[in-house]
Each structure stands twice: as C-alpha cells, then as structure tokens.
Amino acid sequence: ATPVRWSQTVTRKDGEATRTWIRRGIAEGDTDVDGHAQHWVVYLTATRTEGRVASLDLIETRADGTVSTHPLGFRETKADYRIELPAGSLTSGLTLGHTSAAPDGGGVTEGAPIPTTLGPDGSRTLKVTLNGVTYTVHVTFARPAATPTATAARLSGIYVNKAGHTVRGDLIDGWNPDTLDYTIRIRANAPGVYVLPVAPNGVTVSAGDVRQSAYATTQYWTVRAANGQTRTYSVTVVRDHEPTAAERFAPAAPVDRGGDRAAPSPSTAGLRDHGYVLHGRYVAVTATSYTIPEGGTVAWRSWQGQTVRPTVTRGAGMTWTYVLDTLSPDGTHAARTTLTVTYLTDATHRAGLTGLLVNGRRLDGFDPTRRDWTVLVADPAHWTVSPVFDRTSGMSAVTRKRAGTALIRV
C-alpha cells in the first residue's frame with residue numbers, strides 16, 4: 001500500500017442546497033518496467049457533500065400523544081433561537097427536527113444527542129449539532145395572567161407542602177384567585193409535593209384530569225359555586241430529570257446492502273427493495289411506513305451502478321423519515337423513496353403502570369395486568385388518582401376523571 005500525503009488545507013464550496021468539503025492529496029512511488037525504474041505520481045481529490053440545513057423546527061408531543069410542529073425561522077448563520085409556548089405545554093415532550101435543502105441528495109450530518117436542560121421556571125434548553133454547528137433553542141412557557149370575572153367560583157387559596165406530607169403547607173407563590181394556572185419546580189430527588197386547594201363556604205372543589213410526562217405533572221380542579229358557576233384551576237409540578245430513553249436514542253447510519261446484482265436496464269432508477277438490518281441479517285419490507293425491532297437499522301438494496309443518497313429527518317418520539325434519492329446506472333433517470341420508520345426498544349415501547357396513588361396513598365396489591373379497580377374514598381366528589389410509571393422511558397399518561405370514575409390512558 002502506498003501512503004497518501006494529504007494537504008492540511010480543506011476548502012469549502014457552497015451551493016444553493018449543498019455544501020462540499022474538498023481536500024487534495026498526492027501519492028507517488030517507483031515501479032519497475034522491463035528492468036527500468038519508473039517514477040509515478042497520482043493526484044487525489046477527496047470530497048464530502050452534505051445537504052445544507054433548510055429548516056429547524058420544535059416538535060411538541062403532548063401527554064395525550066398528539067403532535068405539533070413549531071417553525072423556528074431558521075437561518076444558517078443564526079445558532080441561537082427562542083420560542084414561547086402556552087403554559088399548557090409544560091407537560092409536553094420537546095425535540096428538534098430539521099430538513100435538508102438538498103432534495104436530490106446530500107443529507108444533513110447530525111451529531112450525538114445533547115441532553116435537554118431544565119430552567120428554574122420550567123423552561124427548557126434544547127441543542128442539536130447539524131453539519132458541525134450546534135444550534136440552541138430556548139423554550140419558555142407563557143405565564144398565565146389574571147382573568148378577573150364576575151364569578152363566585154373562586155378558591156380562597158392553593159397550599160403547597162413541598163416536603164410531600166399530606167398536610168396543609170404554604171400558600172402557593174403568586175397566588176391570585178383570578179390566576180388559574182400555576183407552576184412549581186422541584187429537584188429530581190425531591191419526594192414530591194402535596195397540593196391542597198381550599199374553597200370558601202358554599203364553594204365545592206372536585207379534582208379533575210391529570211396529565212403526566214417525564215417532565216411534569218398537571219392536576220386540574222373544578223371549582224363550583226352554589227349558583228352553578230364553575231372555574232378550572234391547575235397546578236403543574238415540573239421535576240428535574242435525566243434525559244428519557246427516547247431522547248437518548250440515536251439510530252445507526254442507514255446502509256446499502258445491495259449493489260451486487262445487475263440492474264434490469266441501464267435506466268433503472270427504482271431500488272431493488274428496502275427494509276432493515278437486524279443482527280447482520282437483511283429483512284425486506286414492502287410497506288414504506290414500518291417498525292424496526294431493537295438493534296435494527298434502516299437499509300435498502302440498490303442495483304449495481306445506481307447512486308443512492310439518503311436524507312434523514314427526525315420526527316416525534318422514536319420516528320425517523322428517510323428520503324432515498326436514486327440515480328440510474330446510466331445517469332438518465334432519478335427516483336425517490338420515502339420511508340417513515342419507528343424504532344422499537346424495550347425502554348421506549350412499553351405502556352404500563354407500576355402503581356396507583358389514590359388520595360396520595362399507594363394502592364395495595366397493585367397488579368399491572370389488571371385494568372379495573374374499585375376503591376373506597378371518603379368523598380367521591382373530592383378525590384385524586386395518580387398513575388405511577390417509569391417516566392425515564394418517555395411514556396406519558398392522561399387521567400380523565402368524572403365524579404367517581406377515572407380513566408387512565410398510558
């Protein structure tokens with residue numbers, strides 16, 4: 001083998017949709033030709049083309065599983081972004097998604113996942129490295145304003161015991177009977193908090209829905225006056241936490257397992273097939289939207305002579321989109337295959353409870369395979385139920401409570 005002497009200079013060529021990095025080198029040596037020494041020189045050019053980033057979006061996955069995309073007004077020269085979401089988004093999971101400016105090839109290079117950090121007010125800072133540049137997105141949540149209305153459905157106070165004891169604590173920070181939503185932040189290892197809404201005479205309080213995710217828990221209370229007027233208050237408890245399994249996950253690079261069979265014709269642009277590789281074995285899949293078992297990675301089989309360039313985009317949760325642009329062996333035809341895949345792992349593909357809290361007390365004899373429970377409470381109109389589950393997996397839970405019945409969706 002002859003070593004290559006590479007130049008220390010790397011040049012960059014920017015196109016409208018792609019960026020190409022160029023490095024030049026030289027290899028030389030001597031060879032014997034019919035007894036005569038012959039000196040040879042080979043000049044080499046190495047290039048790497050990547051798609052320029054076209055957009056950067058904040059992807060919000062709510063506790064109930066619905067997804068929204070928030071464009072950030074991406075500019076390639078701007079590395080820092082800020083966005084404010086409604087207060088109700090505190091329990092949502094947030095990730096960053098991006099698209100490539102190169103529809104005909106040249107995918108964006110994404111760096112290793114960077115953990116999300118939590119601010120003192122529940123705000124979050126997300127980071128992603130694309131094409132060697134780290135972009136930072138600061139997410140804040142709107143502070144609910146007081147909404148004075150002529151109603152008798154008012155609480156006299158919301159009290160918080162930050163030690164988690166089921167006794168009345170201190171009045172919640174920023175209390176105003178006409179401010180309906182509040183946020184409390186606690187440490188990762190804190191035992192939890194006990195929240196007690198207190199109503200004046202003639203006003204009743206009923207615990208309502210609960211939304212829980214890895215980031216936060218929101219409890220709603222319905223306040224009803226004697227004249228029938230109602231109001232809903234909420235308290236969101238945001239807990240510091242390590243990144244969830246879904247946030248830590250990064251799929252392996254997609255691979256081409258083909259190129260060894262002659263194409264049906266020189267102008268064939270379509271792929272031979274697509275699927276995934278698991279434990280070294282290629283599995284073909286007919287559908288363009290499919291799941292990949294744990295340890296697997298997206299793969300396809302091209303025909304001999306075809307050129308395939310993948311563009312990879314992260315979606316919500318464990319879903320990725322792969323756009324495979326293919327050029328026929330003779331360069332005359334092009335084709336595109338779009339794959340939407342969901343990666344399955346044990347940590348992220350579970351939906352189940354490990355316990356139930358009723359009025360703050362763990363339900364004895366909990367069985368995760370059981371779906372229906374009957375419990376005795378002092379007041380069917382004023383009781384709470386909280387599901388317990390492994391939040392590090394990224395799963396979430398929504399509890400719909402109506403009088404004496406609670407339905408929990410995990």
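**Exercise 1.** Is Tyr 343 buried or exposed?

*Solution.* Start with the ground rules: this is a predicted model, where local features need pLDDT of at least 70, side-chain atom pairs count only at pLDDT 80 or more, and totals for chains, interfaces and linings use all residues. Residues are numbered from 1 along each chain as its sequence is written, and side-chain values use heavy atoms, with hydrogens and water left out. Now the cut-offs: buried is under 20% relative accessible area, exposed is over 50%, and partly exposed is in between (1.4 Å probe, protein chains only). Tyr 343 has a relative accessible area of 2%, so call it buried.

**Exercise 2.** Work out how the rings of Phe 74 and Tyr 81 pair.

*Solution.* Rings of Phe, Tyr and Trp (its six-membered ring) pair if their centres lie within 6.5 Å; planes under 30 degrees apart are stacked, over 60 edge-to-face, and the rest tilted. The whole structure holds 8 aromatic pairs. For Phe 74 and Tyr 81, the centres are 6.2 Å apart and the planes sit at 25°, so this pair is stacked. Phe 74 is buried at 14% relative accessibility, and Tyr 81 is buried at 1%. Together with Tyr 135, these two make up one aromatic cluster.
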